Amino acid sequence: MQSLLTMSRGIDAFTRWTGKRLAWLILVAVLVSALNAIVRKVFDTSSNSWLELQWVLFSVVFLLCSSWTLLDNEHIRIDIVNTMMPKPVRNSIELIGAVVFLAPLCIIMIITGGPFFMRSVEINEQSGNAGGLPQWPAKSLIIIGFTMLLVQGISELIKRVAVMRGLIPDPHESQVSALEAEVEHLVEAIKKD
């Protein structure tokens, strides 16, 4: 199990390093969007390439940072219900969710995304808009993003099993989300009344 935990730490480090760098593309997308809007309003001209670049940048952040979201335990769940459950039940839900839902979804997206991307490369697919960008680089993001998410999911699975065996402390035990903090605040306010 120790070798798996070492591998998990390496995956986590790569995911965090990648996510922190790619998150800056949100600022780039905002700047491109603002510049494009200014040019369109001031000079009454625009470029489809600049418009498409905005959604490609957003796609990069959304797809390639999803693994970072999973690593930091910021993925969507019903926190109010989750926090009311005993720790062993939450661990089991995390384990089942990773094996039954996350991994199969990622594998399906990788398998079906491969031919989708390859066909786009073969025909050198271009945008349907005049002056637009090539489409195949954006389509590659599906495979890359879901591969990264699958690998991070495996890392989370390794850590969850280690937590359940008592080999490591829960890395998210002390983490309090904004929603959990709000619920705690409300519960304390109710108790005071």
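**View 1. The left-handed crossing of helices α6 and α7.** In this predicted model, α6 and α7 cross in a left-handed manner; a crossing is left-handed if the near helix is turned anticlockwise from the far one by less than a right angle, and right-handed if clockwise. Two packed helices are described by the angle between their axes and the distance between the axes. For α6 (residues 87-122) and α7 (residues 136-164), the angle is about 160° and the axes lie 8 Å apart. Axes are lines fitted to C-alpha atoms, for helices over the stretch in contact, with angles running from 0 to 180 degrees between N-to-C directions. The two helices α6 and α7 are therefore roughly antiparallel, where angles under 35 degrees count as roughly parallel, over 145 as roughly antiparallel, 65 to 115 as roughly perpendicular and the rest as oblique. The residues in the contact of α6 with α7 comprise 23 nonpolar, eight polar and four charged. Here Ala, Val, Leu, Ile, Met, Phe, Trp, Tyr, Cys and Pro count as nonpolar, Asp, Glu, Lys and Arg as charged, and the others, Gly among them, as polar.

Residues are numbered from 1 along each chain as its sequence is written. Local features need pLDDT of at least 70 and side-chain atom pairs count only at pLDDT 80 or more, while totals for chains, interfaces and linings use all residues; side-chain values use heavy atoms, with hydrogens and water left out.

View 2. Helices (H or I, at least four residues) are DSSP runs, numbered from the N terminus. Helix α6 has 36 residues and spans 50 Å from its first C-alpha to its last, close to the expected 52 Å; the expected span is 1.5 Å times one less than the number of residues. At A98, α6 bends by about 40°, the bend being the angle between axes fitted to the seven residues ending there and the seven starting there. A98 is also buried, as are N91, C106, G113, G114, F117 and S120 of α6. Buried means under 20% relative accessible area, exposed over 50%, and partly exposed in between (1.4 Å probe, protein chains only).

View 3. Helix α7 has 29 residues and reaches 42 Å from its first C-alpha to its last, close to the 42 Å expected. R160 belongs to this helix, α7, and is buried at a relative accessible area of 9%. Between R160 and E173 there are 12 Å in space, C-alpha to C-alpha, and the two are 13 residues apart in sequence. Just after α7, G166 adopts a positive phi of about 80°.

View 4. The crossing of α2 past α3 is left-handed. D44 sits in the loop between α2 (25-43) and α3 (48-64). Its phi is near 55°, a positive value in a residue other than glycine, and D44 is exposed, with a relative accessible area of 71%.

**View 5. N124 in the loop between α6 and α7.** N124 lies in the loop that separates α6 from α7. Although N124 is not a glycine, its phi is positive, at about 50°. N124 is partly exposed, with a relative accessible area of 44%.
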